[in-house]
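Please read the following note alongside the sequence and the structure. The points are numbered so that each may be checked in turn.

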Amino acid sequence: MSHDTRTGEIHVPILARVEGEGALDIRIAAGRIEALTLRIFEPPRLFEKLLEGRSTQDVIDSVARICGICPVAYQMSAVTALESILGVTPSPWVEAMRRVMYCGEWLQSHSLHIHLLAAPDFLGFESAPAMARDYPDEVRRGLRLQGLGNEIIRTFGGRSVHPVGICPGGFFHAPDTAAIEALRQHLAEGLEEARELITWVAGLPLPEDDQAFVSVSLRHDHDYPITEGRIVSDQGLDIAPADFEQHFREFQVPHSTALHAQLDGHPYLVGPLARLNNNLDRLPEALRQLLDDLGVRFPSRNMFHSIVARAVEMHVALAEALRLTEDYDPAAEPHAEAPARAGGGVGCTEAPRGILWHRYALDDQARVVEARIVPPTSQNQARMEEDLAASLTRFGLERDDDALRLHGEMVIRNYDPCISCATHFLDFRVLRENDLRKNVLRK
Amino acid sequence: MSCENKPRGNAPGAAVTNAADGRPGGHAYLFGLGSPHGGDRLGWLAVEWLGDALRERDDLTVARLDQPVDLFLHAVTPRDRLLLVDAMRGQGPPGTLKVFAPAELPTAAARLSSHGLDLASTLALVEALGLFRAGIRIIGIEMPAEAGHDMPGREMTAPGLDEAQARRLHAAVLGWLDAG
């Protein structure tokens, strides 16, 4: 079929490697992208409204349901905000073990994305099972690391899916020493595998696609940022999480049921690449040396280096979990008392996909009066559209629709967007100038 | 996890044994899928009970999983067999047992997941990796009628197996184990 006679609309019935429902529409005219929209059309879930009137524990358990991939992140941002209102200071033991639990989520989420969602793109496979036939050892390693992440979450949360272990002030109970010892044995085995994974990922045939973008992440005084820190950018932003709304603006666009976000009027990037770009000096020296040896340079402007950043963060997560559980001693009091108190507070942590910001107002019974949640995927939407336009143009708009669609999907998948956790669906349409002309003539 | 018996290799919580050498082929894995709460707990309850009932078997590893993908934490091989036990809905009165081959799984059940890698995707990876060539079966146990609705003010019947149901489950698992 020649280019001129081909219809301008293409439907991709199932995109199995993006979390949620979305669509991509592109209009090309005179060899340029005239319009590009990443449409997110799944119904609004109204979680913030559903939280009103709820107790603090209800909030922690409910927000875990927002995402099946990153429930710990939702719980941690929420509990941080709520504890700031209640005047509760978690013990050092609680802070350390929450960081360990969060490491589990990074590990499982990143491993799933690397092995089952992103790597098939770079190796030319249509699916993870297809890739598994040629790369069985790599896929099994990834599945083991993903399972290890689940094991960490389960150790602290009772279960890895929508865990239930966190409460204001700490945890409902402390894992016993035997459970942590068993876990540590698996973590130690996983650490070497994570190092091998970094080498493997760095050797993937990643496209060269440098772009200008703003990296936004947390930054901690001395640790790689996970559960706390200031919000920074590589353009000089350095603010407390409480000042988020003074700089970041959420707004509605007609083509998405998820709010877009801008930093001082411009798109920005959150997630592993932004985190690593902003926190390279927080990596252990051995990891920095490994990246040097592999020839992958950070800070990086190549969005496709996100997969390398994920692999690096998996190593960070394993090493941190091991460090923080060394000489583990179960806390006699795994949580501090949390009295009811009115007020407002914010919490911001690093979800696997980027900063996750929560703000709550509580009444004097510590029930929610108002809630606001800003997830990473909504923050990345504008950046994704910007990236798609640049990347597809560089790829070549003269290429056929299938090639453009595949490249567009790869660009989107590279962000690991968590549009929803229920269905996986992307419609893709490209409308070319010739088709526009034909449509006009028909009318 | 705590209900494991006869664990092999590097299975979590297991006494470490050599997974590669000197073992009889065709080791069987019996995994209960579910969670600690709600109707979904049925898969865990079933394998907890089966783990006790079959504790003398040395050709069997029994464990609870809260995600199908966690089976890869075990040192499974192509020679092994896999039996998954999970709660199901809409297949008959509460306690009804159904045995499925992977290809027979109702699509809605196989794709039911809010967390990334559902049962169908996991089984597709198992097939691609050439694991469990000695056979895979899934036993579904019908949940209590109202379990899982989580409606405010509505009592949920605690999931469980009565004596007759447990006997049927035991027989089904023994039949699978001894079929070789």
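Predicted model: local features only at pLDDT ≥ 70, side-chain atom pairs only at ≥ 80, totals over all residues.

**Note on the structure**

1. The contact between the two chains draws 27 residues from chain A and 19 residues from chain B. On the chain B side that touches chain A, ten residues are nonpolar, seven are polar and two are charged.

2. UniProt, in an unreviewed entry, records the feature "binding site" at A:Cys67, A:Cys70 and A:Cys418. These residues span 352 residues in sequence, yet no two of their C-alpha atoms are more than 9.2 Å apart, so they gather at one spot.

3. Where in chain A does A:Cys67 lie? A:Cys67 is placed in the loop between α2 (56–63) and α3 (71–86). A residue counts as buried when 20 or more other C-beta atoms lie within 10 Å of its own; A:Cys67 has 26 such neighbours and is therefore buried.

4. A:Cys70 is likewise found in the loop between α2 and α3 of chain A. Because A:Cys70 has 27 C-beta neighbours inside 10 Å, it is classed as buried. Leaving aside residues up to four places away in sequence, A:Cys70 touches A:Glu105, A:Ser109, A:Ala351, A:Pro352, A:Arg353 and A:Cys418.

5. A:Glu189 belongs to helix α7 of chain A, which comprises residues 177–202. Is A:Glu189 buried, exposed or partly exposed? With 14 other C-beta atoms within 10 Å, A:Glu189 is partly exposed. The C-alpha atoms of A:Glu189 and A:Leu318 are separated by 9.7 Å, although these residues are 129 residues apart along the chain.

Key: Residues numbered from 1 in each chain as written. Chains lettered and ligands numbered in written order. Helix = DSSP H or I, 4+ residues; strand = E, 2+ residues; numbered from the N terminus. Buried ≥ 20, exposed ≤ 12 C-beta atoms within 10 Å, placed from the backbone. Contact = placed C-beta atoms within 7 Å. Nonpolar A, V, L, I, M, F, W, Y, C, P; charged D, E, K, R; others polar. UniProt positions renumbered as here; feature names shortened; annotations may be inferred.
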